[in-house]
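Student: I'd like a close look at one part of this protein, taken strand by strand. Could you walk me through it once the structure is up?

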Amino acid sequence: MMLAALASGCGDAGAPSGAAAPSVRAEPVPPPAVSSPPVVRPVVGVAVYGAGGRFEVLHQRRSGPAPARFVFGRGTGEWPIVGDWNGDGLDTMGVYRPEQSAFLVRDTLGPGPEDRRVAFGDPLWAPEPLVGDWNGDGVDTFGVFVRADSSFHLTDARITSPPDYELMYGPPRSDWIAIAGDWDGDGRDGIGLYEPRRGVFHLTDRVDAGVAQHAFPFGPPASGMRPVVGDWKGVGADRVGLYDPATGEFLLRHELAAGAADETFRIETELRDARPLAGRWPPLER
Ligand SMILES: [Ca+2]
Ligand SMILES: [Ca+2]
Ligand SMILES: [Ca+2]
């Protein structure tokens, strides 16, 4: 079929205009010279989110105050989310509004209205938001974790739609915290759970079967720390970390294995009980 179509296409192209035929050569055409410099991706930075809908962003993973600060969302009763909503390779913020089960996202880093609002999941499930590139097309989309049955419901669509993946993973009605990341570096995000009381991460590379490919303890058990996910080494695969909301300290692990933190630093923030985030941030736009 393909050969026939190609032959037919060539014939159609050459037949009406004899002048066009000589330009068709059998030799492969060399690619045009590349003049633009290679794209340099920013390092993965971190951020915290807290009272009043305030984001504080560290572009570099170093101790100190966050120079980039802004408010997004209505300020109360929302969850912070982060993702590459437009596939430009850079991560920006959003919020999840539980009573509508709606994701409000913005493509630039800074204050302003949302660029898109997508309802996904049923508010009656008491869902918790999740973000990932489940199909590996470079665009992050949405998901929800339902604690009652420890089920994950994920979509590849950027508009309101039924789930593309649904799976049960982890114990029902637990206090475990759902996360997402590309643990094996194949371009597609898997899911995971952080078990606070034992300080154990349970991670799976697949969103079509609930089996943990990676399970390991990291950080002190029952510490009150919150999990955070990022490509700390810049190699195209995500790793985990912890954020201590009492001290502002980040502890990051470079391997999917038990061991001490490979990186520690502290964000100087006045936000109490803040939630951690990580991403490749663009510059702040006011
Ligand atoms: Ca983006
Ligand atoms: Ca995607
Ligand atoms: Ca993966």
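Student: In β11, which residue is the bridge partner of V144?

Tutor: The bridge partner of V144 in β11 is H153. Before going further, a word on what you're looking at. This is a predicted model, in which local features need pLDDT of at least 70 and side-chain atom pairs count only at pLDDT 80 or more, while totals for chains, interfaces and linings use all residues. Residues are numbered from 1 along each chain as its sequence is written, and chains are lettered from A and ligands numbered from 1 in the order in which they are written.

Now the strands around that pair. Strands here are DSSP runs of E with at least two residues, helices are runs of H or I with at least four, and both are numbered from the N terminus. Two strands pair if DSSP finds at least two bridges between them. β10 (residues 141-146) and β11 (residues 151-154) run antiparallel and share 4 bridges. Besides V144 with H153, you'll find F145 standing opposite F152. The two strands make a hairpin with 4 residues between them, and S150 in that turn has a positive phi of about 50°.

On to the next neighbour: β11 also pairs with β12 (residues 165-168), again antiparallel and over 4 bridges. There H153 stands opposite E166. Put together, this is an open, antiparallel sheet of 4 strands in the order β9-β10-β11-β12. Its edge strands, each pairing on one side only, are β9 (128-132) and β12. Neighbouring strands of this sheet are turned by 20° against each other on average, direction ignored; the axes behind that angle are lines fitted to C-alpha atoms, and angles run from 0 to 180 degrees between N-to-C directions. As a rule, side chains in a regular strand alternate between the two faces of the sheet.

Zooming out, the protein has 1 helix and 21 strands. Another open sheet has 5 strands in the order β3-β20-β19-β18-β17, with mixed pairing. Within it, 4 bridges join β19 (residues 249-252) to β20 (residues 263-268), which run antiparallel, and L252 stands opposite E263.

What about the inside? The largest nonpolar core has 58 residues, and V46, A47, F103, L130, V228 and L277 touch the most other members. Such a core is a set of buried Ala, Val, Leu, Ile, Met, Phe, Trp, Tyr and Cys residues joined through C-beta atoms within 7 Å. Leaving aside neighbours within four places in sequence, A47 is in contact with F55, E56, V57, L58 and L277, where contact means C-beta atoms, placed from the backbone, within 7 Å.

pLDDT is the predictor's confidence in each residue, from 0 to 100. Its mean over the protein is 90, and 86% of the residues reach 70 or more. Over residues 1-22, though, pLDDT stays under 50, and the model has 4 contacts beyond four places in sequence for them. Where pLDDT is low, the predicted coordinates should not be read in detail.

Key:
Buried ≥ 20, exposed ≤ 12 C-beta atoms within 10 Å, placed from the backbone. Contact = placed C-beta atoms within 7 Å.
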